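Colleague: Hi, I'm new to this one. Could you walk me through it?

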Amino acid sequence: MMRQYELVDRVLGYDPKADEALINRAYVYAMKQHGSQKRASGDPYFSHPIEVAGILTDLKLDTSTIVTALLHDTIEDTGATMDELTRLFGAEIAQLVDGVTKLTRIELTSERSKQAENFRKFLLAMSNDIRVLLVKLADRLHNMRTLHFIPSPEKRQRIAQETMDIYAPLAGRMGIQEIRDELEDLAFAQLNPEARETLLKRLNEFRAASGDIVKRIGESFQKELVANGIDVEVVGREKRPYSMWRKMERRSISLEQLSDIFGFRVIVDEIADCYKALGILHTHWPTVPGRFKDYISTPKNNGYRSIHTTLIGPEKKRAEVQIRTRKMHEVADYGIAAHWLYKEKPGGAENAGEFANTFIWLRQLIEMLEHGSSPEEFLEHTKLQMFSDQVFCFSPKGLLITLPRGATPVDFAYAVHTDIGDTCVGCKINGRHMPLRSTLENGDEVEIIRSQAQRPSPAWEGFVTTGKARSAIRRSIRMSKQIEFARLGRQIVKATFEAAGKEATDSILERALGPLHQSDMNEMLSRVGEATLTAEQVLAAAYPELTVRKTSSRKGKKLNGAGTGTTVIHVSGRGQDLAMHFADETFPLPGERIVGIMTPGEGIVIYPIDAPSLAEFDGDGLRWIDVAWDVPSDAPQMFPTRLRVTAKNEVGTLGNVASLIADYGSNISNLSMAQRDSDFYDMQIDLDVRDLKHLTRIMSALNGLSVVSSVARSRR
Ligand code: MN
């Protein structure tokens with residue numbers, strides 16, 4: 001266990017002005033508070049906060065963070081309170097400890113939605129202070145290092161999975177590669193021990209066969225670079241088992257094919273030296289095509305910068321090389337933690353910009369959280385966003401937008417601005433018109449075409465990949481639906497009141513709010529449109545003296561309310577009306593009588609009056625509502641319908657049927673056939689017609705064909 005003076009020495013080593021007395025006070029306080037508590041390993045509990053603090057000294061964090069690490073379990077596991085911590089250590093530290101405690105509580109709850117909800121609150125709370133998250137990561141790292149002491153396999157499994165899903169990607173997003181690698185490896189050891197063992201065994205064989213190859217290759221690189229006048233440090237390392245495993249899985253290749261067993265970091269002083277070193281390496285050793293990435297000119301979202309390349313290096317071994325300056329190297333190791341240090345230093349205008357950039361993903365997350373609806377939705381997005389690789393795209397003005405792999409132009413539009421997403425109608429990728437559902441590739445230039453008349457389409461939700469786009473689309477559709485439902489609700493209420501001989505003015509409707517426990521008129525009307533409240537309830541609440549007959553039969557319904565034969569709702573049939581739609585496979589056509597069924601959450605579902613599937617609503621009279629077509633006879637609009645045709649199995653039968661339908665100005669949208677017996681076919685034909693008259697003409701013409709033996713409409 002690390003001793004008090006060791007911890008203080010480490011902090012003073014990088015921060016001579018650190019508040020030594022405060023660290024000592026926290027050390028003693030935490031030790032007293034945890035008292036005789038024990039870890040699963042049998043160690044005194046207090047060894048844990050010390051180790052967590054130690055991990056954070058590797059990231060060179062400030063005194064407050066180190067003190068927070070020492071105190072991080074005192075609220076959760078001992079009698080310590082916020083008040084006490086505030087009194088003893090100040091409000092800043094007390095709030096940091098409180099933040100860590102909140103996340104710890106999430107780990108203790110098993111219910112999924114609770115977890116996401118708390119995670120959400122936590123992220124919001126700590127968005128002002130990234131140090132909370134750094135302490136939590138260090139806490140998780142130490143718990144993973146000691147995971148094998150936990151006796152329950154289920155618990156070990158859960159913790160390892162959570163680490164893989166949430167914490168390792170989070171460390172990656174924050175740019176702290178060292179912690180990410182170690183977390184992944186420790187989780188990998190729990191989740192897939194056989195795979196890890198196999199990899200380690202093969203690696204050992206490989207090492208035995210090739211000696212200290214990492215050192216030899218590194219020295220060759222160094223020699224060549226120094227000979228060309230570059231002041232350089234070359235660091236060689238073997239990749240961790242998990243990162244090898246992931247690459248093998250992703251690219252479906254074997255260990256032998258994996259180029260990344262050896263990684264080398266070439267660390268120089270200036271950016272210019274990076275490109276010079278690259279030139280020298282590329283001159284002396286052949287490169288592996290497709291493996292060159294310049295993250296110096298195009299940094300990753302988390303602020304990471306380096307040049308990546310893969311060479312067929314000395315001894316014909318493939319070697320991955322990362323070239324970077326010393327400062328980039330620090331950022332790569334410490335990520336946000338490094339920015340945290342730079343932020344405090346003077347003359348850091350350039351660094352401040354980088355720092356702000358690092359937080360873009362965090363801000364996006366928070367924006368989504370503030371508008372999002374369900375916690376599960378959030379957790380799903382968090383996981384997706386963290387896991388995906390990224391693609392870099394550009395706006396026509398050269399603005400760089402980073403998106404998860406698989407992102408579409410709609411994601412791009414929302415990433416630039418919510419307004420741009422909401423109003424996008426089309427796009428050009430690299431100057432060519434492309435569908436909005438296209439998948440973007442690295443380096444694409446994306447131009448979004450907008451129209452103020454556009455609203456997000458529900459179909460977009462099916463192909464966007466970013467949480468930001470998805471929640472913006474859902475939000476917008478939710479709003480449009482509310483408006484549609486309210487409009488529909490007002491129409492229904494008005495007709496119901498008129499049928500009862502009453503007026504439905506706003507002031508009268510307001511009287512219904514109280515009795516129905518509604519606070520807002522639009523919300524009440526929208527609930528009527530959405531069918532979670534009936535117009536009869538509104539009528540009864542506004543006029544309590546009226547006794548509205550409660551009916552349960554369809555016939556009874558016809559005697560009051562909307563069923564008086566008064567047409568309440570007009571169906572234009574555009575099919576885009578969010579508050580009403582046609583029942584599946586019933587194919588109502590203009591010219592035939594239709595009826596609406598109020599369906600909670602969906603509004604009005606339209607059926608032809610003789611649809612067989614209507615029978616299920618017979619006992620539910622209050623849900624029936626009179627509707628009528630409102631389609632001008634000269635409208636160009638067509639409606640889908642379905643025919644069942646039995647025809648002779650002769651050469652040319654299908655051709656005759658199809659050309660007849662075409663002659664009548666209709667279009668076949670789908671067709672399937674089954675042979676009934678050797679002489680006859682059963683055909684199911686989906687076609688578009690203008691109205692019932694149009695369909696009737698087609699049906700009698702089909703009946704007139706000698707090969708056709710029967711024609712009937714098909715519907716549920
Ligand atoms: Mn802890």
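Colleague: Where do Arg 180 and Glu 184 lie?
Modeller: Both sit in helix H11 (residues 177-191), 4 residues apart, about one turn of the helix. Helices here are DSSP runs (H or I) of at least four residues and strands (E) of at least two, numbered from the N terminus. This is a predicted model, where local features need pLDDT of at least 70 and side-chain atom pairs count only at pLDDT 80 or more, while totals for chains, interfaces and linings use all residues. Residues are numbered from 1 along each chain as its sequence is written, and side-chain values use heavy atoms, leaving out hydrogens and water.

Colleague: What does Arg 180 form with Glu 184?
Modeller: A salt bridge, with the closest N and O atoms 2.9 Å apart. The term means a side-chain nitrogen of Lys or Arg within 4 Å of a carboxyl oxygen of Asp or Glu.

Colleague: Is Glu 184 buried or exposed?
Modeller: Glu 184 is buried, at 5% relative accessible area, whereas Arg 180 is partly exposed at 22%. Buried is under 20%, exposed over 50% and partly exposed in between (1.4 Å probe, protein chains only).

Colleague: How many salt bridges does the structure hold?
Modeller: There are 20. One of them pairs Arg 216 with Glu 315 at 2.7 Å, N to O. That pair links distant parts of the chain, 99 residues apart: Arg 216 is in helix H13 (residues 213-227), and Glu 315 is in the loop between strand E4 (307-312) and strand E5 (318-325).

Colleague: What about Arg 487 and Glu 484?
Modeller: Their side chains also meet in a salt bridge, 3.0 Å from N to O. Both residues belong to helix H23, 3 residues apart.
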